[in-house]
Every structure is written in C-alpha cells, then in structure tokens.
Amino acid sequence: MKTFDYEKALTVVDGDVDLLKELIVLFKEQSPQLLAEIRQAIETGRHEELARAAHTLKGSLASLGATVACEIAQTLETRGTNKNSAGTEEAFLKLSAEIKKFEHKTANLERASA
Amino acid sequence: MRILVVDDDAVSLKLAVSILDKNKFETIPKTSGKEAINFLEKGSQVDLIVSDVMMPGVDGFQLLRFLKADRRLKRIPVILCTTLNDKKSVVQGRELGVTDYIVKPVNAKVLLSKVKKALTAVPGAVLVVDDEELICTLLSKIIRREGYEVLIARSAKEALQLMENNKVAMVLSDIKMPDISGLELLATIKKKYPSISVLLMTGYVGKYRKEDVLAAGADGYLTKPFRNTQIVASIEPFVK
C-alpha cells in the first residue's frame, strides 16, 4: 500500500494526467468538509453518519490512488456500519495525517500543471 | 447519447463525467438520487443512467426501484457503481433489474466498455408507417407512453430512409398506402433487414386477409380500428 499510488491513479484516468490533477484539486476542496463530518460523527456517536461520510471519502481516495488513506476510511466506515466506536478516534487522527501526506505527495503533480 | 451520472462524492462524479465527456457522450451530473429523480420526473429523456449505490437519502437501489415502477422510465439501462466487498448489493441489484455493475474505483476503460455495452442493449425504436397523420399521432402516443422510442414515416419510402440512419427494433405499417404499399415495404425490409419484425395493419379486412398477410412474411396482423391495449400487446414481443 502506498500513500499515493501514481500508477493506480493513472489507470483510473486512463493516462489523462490533466484530469488527475483536476481531481486532486477538487479533492482538496472537498476533503476538509468530509473530515469535519467524520470527526463530528465520532464525537457525537452518530454511527450512521460516520459510515456515510467515511464511505464518501473512501470513494474519492480510491479513485486517486490514496491506498493507505482509503484503507483507514474503510475501517471507519465498517466501524460506523457495525456501530462500534472502538479505536475510531485514533483511526480518525491517522486518516487526517495520511491525507496530509497524500496532499503533500501530490503537490508537485499539481504545481506542474500550474 | 445522453447519460445521467449520479454520485454524492464530487471526485467520483467528476471522474465519470470527464471520461464520458471526453468520449463524446452528453452527460448530466447529479449529486444525489433525489436530484436524479426530480430531473427525470420533469420528463427529461436519457439513454443510460450510471449511479453510485451508497448515497445519503435516495440511494442507488431506491433510484432503480423508482425507475422500474414507471413505465416510461423502466427500460432505461442502469449501471450501478459499488465497492468490491459489497456482494449483497450485487444480488439486490440483480433482483431489481440492474443492467450492469462497476466496481469502484471506476476506471476509464471499464467505464467506457460497460457504458458502450449497456447502450447497445438499448432497444431500437418502433417505426410507425402510415399515410394518415391521425393514426401516426395516436400510435406514437400509445407506444411512447410504454417507454419505447417511436419514429414516424408517412410513406414506405420515408420509412426505408429512416431505417438507414436509425436503430429500429420493429416496424408497424399500414398496408394500403399511396405509391409503395405495406406489403411491398414488408418484402423490402425482409430482404434488407431480415432480423427486424414487421407488423402490418389494415382497415380493409376483406381485401387483406390475415392468412395472406402472414403468408407474405409479416410477423403480425392488426385490424383498424384498434384498441390501445391491443397495440401494446402486439408490439411487446418484438421490442426487447
């Protein structure tokens, strides 16, 4: 698993690097909102909300080749679905940090398009 | 070809829409099942729907159920996007009449090949041929209401022209028309397009008898005046 699996991301867009860049920009706009929703759902113990927000974020991460973050989002989704709060706070912190790493790794890709 | 794309995740939605746009499809993006339903309820026509399964509010299955319960919309092919570990969705979707599945993350090649495949499965139009305008309008209304596409030709010549450029599933033609008759049209179609079914209709029961028309190669025979239900029952076996 990689923080940013470039090959995987390229397969998704069939080699269209410009499209990949656009998707990453869009992700950066969207992710703070989804992360906030996840954090709130964990804090207030709303499992369904946690499952939904983690699922949506997982969809984005999977498309962008963020395989590590995708896996953590999956864990959070499963916790939400099973109404199990164990380790969700820790997983959330890991997810936030991993997304930061992903955004850092993809920053060059973006700059190249500017 | 117009494709309605539904996903609550902005990245997944943009990805699918960009790939389809790049390949010359017309796309209509919607961010929720509810939005998609509102759009379709306004009478908007689409050739295909690509939708995420898990969405807040109206999910992919509820969208599918809504489509299948509406006779105008029930024949639109639907591709659902789901995650790999979601076997339950596959079973449920199949029961609800889903056309195909894509496992997320959607990748460009898979999306395009599945979209193309689903679109070839779209039934062709019912071609109505009659020199009487009133009959054409009436038949078109009855058949469209059932969710089929309808093409209208006012002569056999026009019908053959339309068949050159359109996907036609079957032909419903009057027999007695000026210039080329329905029987001559039947012969031409059976020679040129042997797989297309032709139903002939007539108001002159004495002149064109059922056995003669069927013997000439027609796939069905209808007499005028007809009832709505009769028309629907007669064409249904031929438009798959």
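Predicted model: local features only at pLDDT ≥ 70, side-chain atom pairs only at ≥ 80, totals over all residues.
Biologist: Which residues sit on each side of strand 6 of chain B?

Modeller: One side has Ala125(B), Leu127(B) and Val129(B). The other has Val126(B) and Val128(B). Both faces are covered.

Biologist: How many bridges are there between strand 6 and strand 8 of chain B?

Modeller: Five, and the two strands run in the parallel sense. Strand 8 covers residues 168–174. Within strand 8, Val171(B) is the bridge partner of Leu127(B).

Biologist: What about strand 6 and strand 7 of chain B?

Modeller: Parallel pairing again, over four bridges, with strand 7 at residues 150–153. In strand 7, Leu151(B) stands opposite Leu127(B).

Biologist: Which helix does the chain pass through from strand 6 to strand 7 of chain B?

Modeller: Helix 6 of chain B, residues 133–145. This β-α-β crossover is right-handed.

Biologist: New topic. How many residues of chain B are in contact with chain A?

Modeller: 19, and they meet 23 residues of chain A. The two chains bury about 1,800 Å² between them. Carbon and sulfur atoms account for 66% of that.

Biologist: How many salt bridges between chain B and chain A?

Modeller: Three. One salt bridge joins the side chains of Lys109(B) and Asp14(A), at 3.2 Å from N to O. Six residue pairs are in polar contact across the interface.

Biologist: Which helix of chain B gives the most to the side that touches chain A?

Modeller: Helix 1, with eight residues. Helix 1 (10–22) and helix 5 (108–120) each supply at least two.

Key: Residues numbered from 1 in each chain as written. Chains lettered and ligands numbered in written order. Heavy atoms only, no water. Buried < 20%, exposed > 50% of the residue type's maximum accessible area, 1.4 Å probe, protein only. Pairing = 2+ DSSP bridges. Right-handed = clockwise from strand over helix to strand, strands pointing away. Contact = heavy atoms within 4.5 Å. Buried area = accessible area lost by both parts, 1.4 Å probe. Salt bridge = Lys/Arg side-chain N within 4 Å of Asp/Glu carboxyl O. Polar contact = N/O pair within 3.5 Å; in protein donor to acceptor, adjacent residues only side chain to side chain.
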